[in-house]
Amino acid sequence: MRWPGLIEAYKEFLPVTNETPMLTLNEGNTPLVKLERLSKEWDIELYVKLEGANPTGSFKDRGMVMAVAKAIESGSKTIICASTGNTSAAAAAYAARAGLRCIIVIPEGKIAMGKMAQAMMYGAEIISIEGNFDHALKMVRNISEQEPIALVNSVNPYRLEGQKTAAFEVCDQLGFAPDILAIPVGNAGNISAYWKGFKEYSQHKGTGLPRMYGFEAAGAAALVHNRVFENPETIATAIRIGNPASWNLAVSAVEESNGLFDEVSDEEIVSAYKKVASSEGIFAEPASCASIAGIYKSLQKGRIEKGTKIVAVLTGNGLKDPDTAIQVSEVNIKHLPNDEKAVTEHIKGVVHQ
Ligand code: F0G
């Protein structure tokens, strides 16, 4: 059957009325892939939900299609968001699809190149501020209260409604909920959305509930330390957030599910980022790999038992951030003249190493 997109596929679980447009870029229905090598090495059953396979390359499409459809339904002509890059890419894409104006406010110099390229190509109005995401979010929240502009950050409840569908898919793909759902945490919307999704699906289909393990970057670990980080910093720019908007919802998700929050350093993130790409063929952006880094750390701390079934959410595609990939990669490119003999000699050396 042809996949109809999220709103159509899950309308019985979503706030859809007769007036809601069936907007779609065929988001959702992303692969769940078993990490064979890591599962063996770590003695667990580890799967990744490849959210980078969404149309704009991140999980944000799930929430954005719903938020933009509801904005159209309520007569909005303009949407606005603050973003570390992925939300703005998704907002700009769905706005282009729907014929709406899109305004994005982003932190200067802290947006991965692919995400910037997307916002530009989709034709958003781009405002780059000399501040961080938390500052940008405050600004767009205020302006959306004064002007007829729909705010499409995850403080918009329709965003979480759309994003909860990823939990439905995980349950359908595994047959039931995993023991643990590991997820990177930035503004804390996605962990809240997954938990809502698992609870709703379990009520309807008896799929059970996972423990929610949320991982923040150590330089932006507000929930781990229960304090705002005024100057968040991390290589994982997507989760460079010091005052998560869905703070309370995320804390409830972890408490209700008997899960945990923990932090992972940039080194741990980069190590997971390289490992997943080079040993599993899966290229996810650095922030996404906080989930894998977090699992490794939890294993070392004895917080995960052998044989545990875990789904890690890989929230965004590695191609979003080519600069970081090239910076951290240890691959040396061999530069040779246009000379078949020299190339052949070199390849023979590689093969017979
Ligand atoms: N992973 C990626 C790749 C992200 O882009 C984000 C958030 C997260 C994880 C964290 O999700 O905020 O729901 O806890 N990116 C937002 C943005 C903030 O503007 O694109 P969260």
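The model is predicted, so to speak for it: local features need pLDDT of at least 70, side-chain atom pairs count only at pLDDT 80 or more, and totals for chains, interfaces and linings use all residues. Residues are numbered from 1 along each chain as its sequence is written, and side-chain values use heavy atoms, with hydrogens and water left out.

**The cavity**

- A cavity here is a set of points, on a 1 Å grid over the protein atoms alone, where a 1.4 Å probe fits but cannot get out; lining residues have an atom within 4 Å of a point.
- Volumes are the space filled by probe spheres set on the points, which are joined across faces, edges and corners.
- Of the 28 lining residues, Phe-59, Lys-60, Gly-186, Asn-187 and Ala-238 come closest to the centre of the largest cavity.
- H4, helix H7 (157-163) and H9 each give two or more residues to that lining, and H9 has the largest share with 3 residues.
- Helices are DSSP runs (H or I, at least four residues), numbered from the N terminus.
- By class, the cavity lining has 11 nonpolar, 14 polar and 3 charged residues.
- For those classes, Ala, Val, Leu, Ile, Met, Phe, Trp, Tyr, Cys and Pro are nonpolar, Asp, Glu, Lys and Arg are charged, and the others, Gly among them, are polar.

**The ligand**

- 19 residues surround the ligand (a heavy atom within 4 Å), and the closest are Ser-83, Asn-187, Ala-188, Asn-190 and Thr-315.
- That shell splits into 7 nonpolar, 10 polar and 2 charged residues.
- As for polar contacts (a pair of N or O atoms within 3.5 Å), an N or O atom in the side chain of Lys-60 is 3.0 Å from a nitrogen atom of the ligand.
- Helix H4 (86-98) and helix H9 (189-205) are the elements that give two or more residues to the shell around the ligand.

**The pockets**

- A pocket, by contrast, is an open set with protein on both sides within 12 Å along at least five of seven lines.
- The largest pocket holds about 220 Å³ of space, and its lining includes Tyr-273, Lys-274, Phe-283 and Glu-330.
- Helix H12 (266-280) and helix H14 (322-328) each give two or more residues to that lining, with the largest share, 4 residues, coming from H12.
- The second largest pocket has about 190 Å³ of space; 14 residues line it, and Gly-109, Ala-112, Thr-237, Asp-321 and Thr-324 are the closest to its centre.
- H14 gives the largest share of the second largest pocket's lining, 3 residues.

Definitions and conventions. A polar contact is a pair of N or O atoms within 3.5 Å; within protein, one must be able to donate a hydrogen and the other to accept it, and residues adjacent in sequence count only if both atoms are side-chain atoms.
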